[in-house]
Amino acid sequence: MQELNPPPGAWQPDILGEGFEQLTLDLPDGAPATLVRYSPPDAPPGGEHAAAGDVLYVHGWSDYFFQTELARYWAQAGMRFFALDLHNYGRSLRPGQSPGFTTDLTEYDADIAAALAAMGRPVPAAAGQPSGPATPARPLILLGHSTGGLTLSLWASRHPGAASALVLNSPWLEFQATELGRRIISPLIGREAQRRPLAQLPSVDAGNYARAVFSAFGGEWTYNLMWRPLRGFPGTVAFLNAVFRAQAVVAQGLRLDLPVLVLLSDKSYLQPRWSADAEKADVALDVDVVARRALSLGTCVTVARVPDALHDVFLSAKPVRRRAYAVVDQWARGYLPAAPEVSPKLRAGSQPISS
C-alpha cells in the first residue's frame, strides 16, 4: 500500500493511467488526503485549460475514486474534473490507520479546503471566521456519492455561495430504517461512540454489491481491493454516529440556495442473499426513503429515478449509465450557471482499471 502513495508537494502520475494525476494534500491533523485530476490528452500541460467550470467529486464509505468514465464525461462537457480521496480512504490510506474512521463529517472540511486551494479556487472561511476577499472563479459543481453526498450537502449548507450546483449520486441522506429508526437507535450509538469509538458494527454487507460490479464476478469494473474490499471495511460506531448526526441536520432542512440534482435507482434490494435483482437495484439504501428526504435539502431539488441503476449509478450497466448521463445533460442545460456544451452521447465506454 505504501508504495502507491507518492510524496506530497507535486502532481504525480496516477494509477488510473493516461491523463490522470494525483497530488498528496497535507492536512492540519496529519492524515493526508489525495486530489486526483483528469486532463484530456489534448489539454495543455499541467492540467490547466479553458473550462466552463470545475467539478469536485467525493466518494462514499469504503470507497475511493476510480470512475474514469465519469471524469471523461465531465471533461467532454468542457469542465475541469477533480476527485478527492478523503483522509483514511483510498490513495490517502496509510499503514496503521483505521479505514474511513471519523467522529464527525465536518472533519472533511479540511480535505475539501485543501482540494479547493490545490485547484486554484478561493477557500471559504471556516465557520465563525471572517471571509477573505473573493477571487473571481469559474462555477464549482460538487459531485458526491453516498456518504460523500451527505458530506457535501452539509458542507454546501455551511459555506453558502461557495458552490454553484450540487449533484448527488445515491446520497446517504437518511437511515435505511427511516427517520424513526434512526432517532430510536441514535442515542445508543452516540453513547457507545463516546465509550468505544473504534468498536466495530456487525457487518450488513453480504457482498451483493461487489458481485454486481466487480469484474471477477462478471461485472464491468476492476478496482483496488485494498481500498474497496469486496464486503467493505468494518464500520465503527464513531462513523455511524457521525452519519446519524449529519442525517439529523438534513432532516431539519438545509435550505440550500443552489440547484441540486439527486440521482437514485428506481428500486432497492436489501436482502442478505444473492439474487439477479441485485444487478438492477440499490443494495445499500432504501431509495424511497432517500427520495423523500432529498426534499429537505433546499428549494430547487430535482430527484431523478434511473431505472435499474445500482447504488453507484455511474457503475450500472452501460445502457443504464447512458440514461443517467442523459439526465445530467438535461438538468445541466436548465440549471448549471454558464452551462457547458454537454456531450450528446458518451464516447468513453466502461474501462477496467489496473490497480
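Q: Which residue in β7 stands opposite His145?
A: In this model, which is predicted rather than determined by experiment, His145 stands opposite Asn169 in β7.

Q: What makes β6 and β7 paired strands?
A: Two strands pair if at least two bridges are found between them. Five bridges join β6 to β7, so the two strands meet that condition and count as paired; they run parallel.

Q: How do you know that β7 also pairs with β8?
A: Strand β7 (residues 165–169) and β8 are linked by four bridges in the parallel sense, and as at least two are needed, this too is a pairing. Along it, Asn169 stands opposite Leu263 in β8, while Leu168 stands opposite Val262 in β8.

Q: Why is β7 described as largely enclosed by the rest of the structure?
A: A residue is called buried when its relative accessible area is under 20%. Five of the five residues of β7 are buried, and therefore the strand is largely enclosed by the rest of the structure.

Q: Which residues point one way from β7, and which the other way?
A: Ala165, Val167 and Asn169 point one way, whereas Leu166 and Leu168 point the other way, and all are buried. In a regular strand the side chains alternate between the two faces of the sheet.

Q: What makes a right-handed β-α-β unit with β6 and β7?
A: The unit is made by β6, α3 and β7. It is called right-handed because, with the strands pointing away from the viewer, the path from the first strand over the helix to the second runs clockwise. A further right-handed β-α-β unit is made by β8, helix α7 (residues 287–294) and β9.

Q: Why is His87 called buried?
A: Its relative accessible area is 9%, and because the limit is under 20%, His87 counts as buried. His87 lies in the loop between β5 and α2. Leaving aside neighbours within four places in sequence, His87 is in contact with residues including Leu27, Pro32, Tyr108 and Asp111.

Q: How do you know that α1 and α8 are in contact?
A: Contact means heavy atoms within 4.5 Å, and on that basis Glu69, Leu70, Tyr73 and Trp74 in α1 meet Arg321, Tyr325, Val328 and Asp329 in α8. The residues of this contact divide into five nonpolar, no polar and three charged. The axes of helix α1 (residues 68–76) and helix α8 (residues 318–335) come within 12 Å and cross at roughly 35°, and the crossing is right-handed.

Notes:
Residues are numbered from 1 along each chain as its sequence is written. This is a predicted model: local features need pLDDT of at least 70, side-chain atom pairs count only at pLDDT 80 or more; totals for chains, interfaces and linings use all residues. Side-chain values use heavy atoms; hydrogens and water are left out. Axes are lines fitted to C-alpha atoms, for helices over the stretch in contact, and angles run from 0 to 180 degrees between N-to-C directions. A crossing is left-handed if the near helix is turned anticlockwise from the far one by less than a right angle, and right-handed if clockwise. Ala, Val, Leu, Ile, Met, Phe, Trp, Tyr, Cys and Pro count as nonpolar, Asp, Glu, Lys and Arg as charged, and the others, Gly among them, as polar. Buried means under 20% relative accessible area, exposed over 50%, partly exposed in between (1.4 Å probe, protein chains only).
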